[in-house]
Amino acid sequence: MKARRIVASVFRHLFLAIMAGIWLIPILWLFVTSFSTDPGIRTTRFFPEHWTLANYSKLLLHPDTVANFPAWFKNSMIIGVISCIISSAFVLMVSYAFSCMRFPSRKRLMSFSIILGMFPGVLSMIAVYFILKMFNLTDSLAGLIVVYSAGSGLGFLICKGFFDTIPASLRESAKIEGASEFTVFTRIVIPLSKPMIVYTVINSFLAPWMDFVMAKLLIRSKDPADWTVAIGLYNILQKTLIGQYFSVFCAGGIVVAVPISILFIIMQKFYVEGITGGAVKG
Amino acid sequence: MKRLLKAIGKYFADFGTAVSKGDIWVKLSLIIMGMGYIGRGQVIKGLLVTALEAVFVLFTKNISWPYITKLNTLGTVQREEVFDPITMTKTVNEYDNSLLILLFGVLGIAIIVAFLLVYIGNIKSAYRIQELKKNGKHVNNFAEDLRELVNDKFHITLLALPSIGVIFMCILPIIFMVCIAFTNYDAAHQPPSTLFTWVGWKNFITLFSNKQGSTFAYAFVKVLIWTLIWAALATVTTYIGGILLAMLINHQDTKLKKMWRSLFVVTIAIPQFVTLLLISKMFGNYGIVNGILTRIGLVDKLLEWGWISTSYVPFMTHSGLTHVMIILINIWVGIPYQMLIATGILMNIPSDQLESARIDGANKFQIFWKITMPYMLFITGPSLVTSFIGNINNFNVIYLLTGDYVTTDASLAAANAKDVDLLITWLFKITSESQLKQYYMASVIGIVVFIICATLTLVTYSRMIKGDKEEVFQ
Amino acid sequence: MKKKLVAVLLTAAMAVSLAACGKTTEKQPEVAPEQGTEQTTEEKTGDTEVVINQGSDDAIANLIAATEGTVDLTLWCSEMESYQNTMKELVDEFKNTYSDVDFNITIGAQSESTCKDEVLKDVEAAADVFVFADDQLNELVQAGALQAVTTTYTFDPLAANGAGAVNAASLNGTCYAYPLTASNGYFLIYDKSLLTDEDVASWENLVAACEAQGKKCGFDFGNGWYTYGFFSGAGCTATLAEDGVNNVCDWNNETGVAVAESLVKICSSDAVISIGDADARAQAKDGDLIAYVDGTWSIEDFQAAYGDNLACVKLPTFEVNGVATQEGSFAGYKLVGVNAYSKNVGWAMLLAEFITNEEAQMKIGANTQEGPSNINAAASISSPALSALGAQSAFADLQRVGGNYWTPAGTLGQTLYTGTDDVKAALDDAVAGITAAAE
């Protein structure tokens, strides 16, 4: 019995290792290419012939007419953080209203929202552009923040599903003790939902951080200093530039991953709390 | 349907009662909206409502009305310009811009409708207060009204801002784009220089009938089939893969859980457009994978066996193989996300349920099927539907991976589509890459995508939303 | 009322321009007959003669006098560093020339090849002056985005530039842009240590030589821009119809079938590969690809790959029905356009003139790989790539194809490359797609 368990455990770990290997190969390629002396794409060797840090110094210290990474990073960071705060708040608010409150036409509103979320966003871009132009918000970070956070309330489904699992009795007893809905929301439901909040925060940070379609549409400035990371890196891969900038692109990809990785490392801690939270609830 | 009609009937009947039975204050609020409140001492509320009315009147009169009146034709005055070579300046007439007329016309009408709803509600509310006063009941003062907004009416507070965002950034653009489907907006009718106008159902007919010289109908069917296959496979593979991976990592015997999780999560940390572009380059005809396969002699072997006819493996350029590759790459992209979601939920399974099942002598599989899976499905069921829809609209993966793909199907090419296109990437190409810029066709396709998604969800989701299941785990 | 006003203004303007015409008739520009344009002059834009009036110096003085405050201008040009720097110098010179006026000129990085997409997204918010590739002229004009060049003030672009460039900038007898470079076409780049002049004279020899050495040659079959050359070389046509939107194409006639069969035969060799230019540069660097059809924009990369052995030559011949036929091509020009919606249209025109005059073109030619369209400037600058382009220009056509051309033509190239049993059917499909009516 015990021997079988050990064999199974070895296999489990072996399998996990192989899977992780497959998942990491492209990342590894990205990583090693970012140290390559050859600026273009290598096609014959996995590892570069000669290693250098030049790509990083070019990227971070010597902005040129094509790549102005420090500015991109700053812009993306501003957009990412602010729209992340707004959209997370929106998602949590909408989820609480739909999950924990009972009001007329709640279900109708929910179905309506879900259906709305299904309209292909790519299509409404032109209209979004002109609406923002009306408010004089094109070509500005504020405009992008509005775009990324305004519709975020529609993404409540998963979060609402989570709120549904929080026992209603907890809320009831708080209310009996005289707490307002607002207090219940901020003092009881939110602290109990850390895993969900982490998930929401990460998603709402990643969406603006990675989007390039909307950003390309709204940022019309041709000065690289006004771009976001996504537009800038996407632009580098243009036919005329890829030969000189591919390694720089890879370096950019690695640098961009840093803030998100930090976010994930913080998140892991909350996952553990999520476990205990779930246990307390039971 | 009948119930809906009845509800609408009651809505207006109530309004009628309020107007006819209302006293002088209610009747005054027909003209100045705040009077109904001011007359009963709710001065602040009354002033706020009146201010709203004023803003509405000013906005409609000065901004939106000129556009609304031109909605029927979408403008008639074409831009004309005269350049004066002596002063080097230009005179331009006051021309119409169909796009702005449509957009602000729609916006103006939406605001009028919204205002009417508020207006009717306001009269009813004024009448309600009159009744309260008459029956000697308590009428809230302003502070009490505010307090209600964090209590019984907290949902209004919660939903107000998100709703405004959604109305401006989702609903309004959607109405606008639906309208575009009924116009002839394309490169030849492109504001501000040229006008476009209404054409009725013509564009829908183009999509569904094999008119001579148009291959839209053919392309539509082909692209739709692949879109559905893709969405189903992409959703199921990543969902199941994610749960299995999460369970594998969460298993009690697995050491270093955190590390394993992190290894997979790293792939999320790098933006999708970076990894996808990178992978598409890796699997390109002359990319590194082919380079290595050639060096180890596998390409020659494959050539020998007659599996391929080129000096490379056409991972991303061969119909069929590319379809498979896209699904595989999507598994790579999607599993870490699903694993994260599943982990979060697995940890939240009420442990008393697991405990009691164990005490009852249930074995592992029984627990998995009777407790874990129903719980998972309950929580992730809606997300399964959303991720199916999300995959139908999965722009990034397809667009970034298939940039180098050239279709060999001439009929598809004539409609600007590729074998590997989803409806969403197809409509994007129609508006951005095609030189004809047939916005109206893109819009028609968008509407069809929307109808497909909406139907699918309504069927599946209404089942989940209905019944008392919502309360089961509360 | 408004219409009436416009009508009055129109007649007034016409009277003025007629008067201006009268004054400058003896200065009627002569279209330079050199720069091998036998083919291009046949284009229908060549039928109606393009006329540009010479504005007076008074106009500029008036404009300076009438200008108050800062003039904001935006200029979009290629994102290449050398280009951006050169443009910056030119803009500074421009500011010095008109030092009485306070300018705020922003230079943006925008690839010429996708310029029209960016301009047409929202023409009112686009740059005042922008550089674009000549194939976009048709659409930009159709969208009303270009200010017609009816009058120039500092020099006469018609006389200064080669006839091909002027034709490329004109549509139906009106000039819409200022020619900047004449080097946006394609030719054959190869490694002369491995291939002889004989080898690169014809595709058949080239393929044989590559096969013998185990090397590769090729071009991007999936791009209709390159495929065009084979059909045009054999005398087939694909061009805009009278309406300026749709295409006429006869590639499925007997000659076309012979061309396609010949292409299939060439592609049947393992030595021929279909490869995009980004991949091609990497392959060249690895030493596998020794001959490739490409343009000046890739020269630096191939220079890095082949070193001193880099050589350029006009496109090879290929056999049609057993007869060696010269492969044709699209001629390419870069043009400078003035946005019709520019708020400072007068200054925008002067800036466009300034960056396309002889000295400016010399500077651009010296600092980048590009060949000037200005006749005098072109004469003073030479490079292997530019002489290859010059030799090819006799067989190059002006790029006048409608929007429905590209995807079907790319698909045709890809189909012929992968090989097909029924060439005729593939051609029929392609022609049907290319000529499909664009509503």
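What distance separates the centres of domain 1 of chain B and domain 2 of chain B, taken over C-alpha atoms?

Author: The model is a predicted one, and the values below are computed from it. The centres of domain 1 and domain 2 of chain B, taken over C-alpha atoms, are separated by 41 Å. The domain assignment of chain B places domain 1 at residues 2–200 and domain 2 at residues 210–473. In the contact between them, domain 1 of chain B supplies 10 residues and domain 2 of chain B supplies nine residues.

The area that the two domains of chain B bury between them is about 720 Å², and 68% of it lies on carbon and sulfur atoms. On the side of domain 1 of chain B, the residues that lose the most area to domain 2 of chain B are A181(B), Y185(B) and D186(B), which together account for 49% of what that side buries. There are zero salt bridges between domain 1 and domain 2 of chain B. The rule does find five residue pairs in polar contact across this interface, with both residues at pLDDT 80 or more. By class, the side of domain 1 of chain B that touches domain 2 of chain B has six nonpolar residues, three polar and one charged.

Chain B also meets chain A. Here 108 residues of chain B are in contact with 109 residues of chain A. About 9400 Å² is buried between these two chains, with carbon and sulfur atoms giving 79% of that area. Helix 7 of chain B, residues 154–180, gives the most to the side of chain B that touches chain A, namely 19 residues. That side of chain B is made up of 72 nonpolar, 26 polar and 10 charged residues. The number of salt bridges between chain B and chain A is zero, while five residue pairs are in polar contact across their interface, both residues being at pLDDT 80 or more.

Chain A in turn meets chain C. This contact takes 22 residues from chain A and 26 from chain C. The buried area between chain A and chain C is about 2100 Å², and carbon and sulfur atoms give 45% of it. In chain A, the residues losing the most area to chain C are T65(A), R220(A) and K222(A), together 33% of what that side buries. Four salt bridges are counted between chain A and chain C. K133(A) and D122(C) form a salt bridge in which the closest N and O atoms are 3.0 Å apart. Nine residue pairs are in polar contact between chain A and chain C, again with both residues at pLDDT 80 or more.

Helix 5 (125–134), helix 11 (213–218) and helix 13 (239–281) of chain A are the elements that give two or more residues to the side of chain A that touches chain C. Helix 13 of chain A provides the largest share of that side, six residues. By class, the side of chain A that touches chain C divides into seven nonpolar, eight polar and seven charged residues.

Within chain C, strand 10 (residues 216–219) runs parallel to strand 14 (residues 289–294), and three bridges join them. K216(C) has L289(C) of strand 14 as its bridge partner. Strand 10 of chain C is also joined by three bridges to strand 13 (residues 272–274) of chain C, and these two run parallel. There, F219(C) has S274(C) of strand 13 as its bridge partner.

Definitions and conventions. Residues are numbered from 1 along each chain as its sequence is written. Chains are lettered from A and ligands numbered from 1 in the order in which they are written. This is a predicted model: local features need pLDDT of at least 70, side-chain atom pairs count only at pLDDT 80 or more; totals for chains, interfaces and linings use all residues. Side-chain values use heavy atoms; hydrogens and water are left out. Contact means heavy atoms within 4.5 Å. Buried area is the accessible area (1.4 Å probe) that two parts lose on being put together, summed over both. A salt bridge is a side-chain nitrogen of Lys or Arg within 4 Å of a carboxyl oxygen of Asp or Glu. A polar contact is a pair of N or O atoms within 3.5 Å; within protein, one must be able to donate a hydrogen and the other to accept it, and residues adjacent in sequence count only if both atoms are side-chain atoms. Helices (H or I, at least four residues) and strands (E, at least two) are DSSP runs, numbered from the N terminus. Ala, Val, Leu, Ile, Met, Phe, Trp, Tyr, Cys and Pro count as nonpolar, Asp, Glu, Lys and Arg as charged, and the others, Gly among them, as polar. Two strands pair if DSSP finds at least two bridges between them. Domain bounds come from an automatic or database domain assignment.
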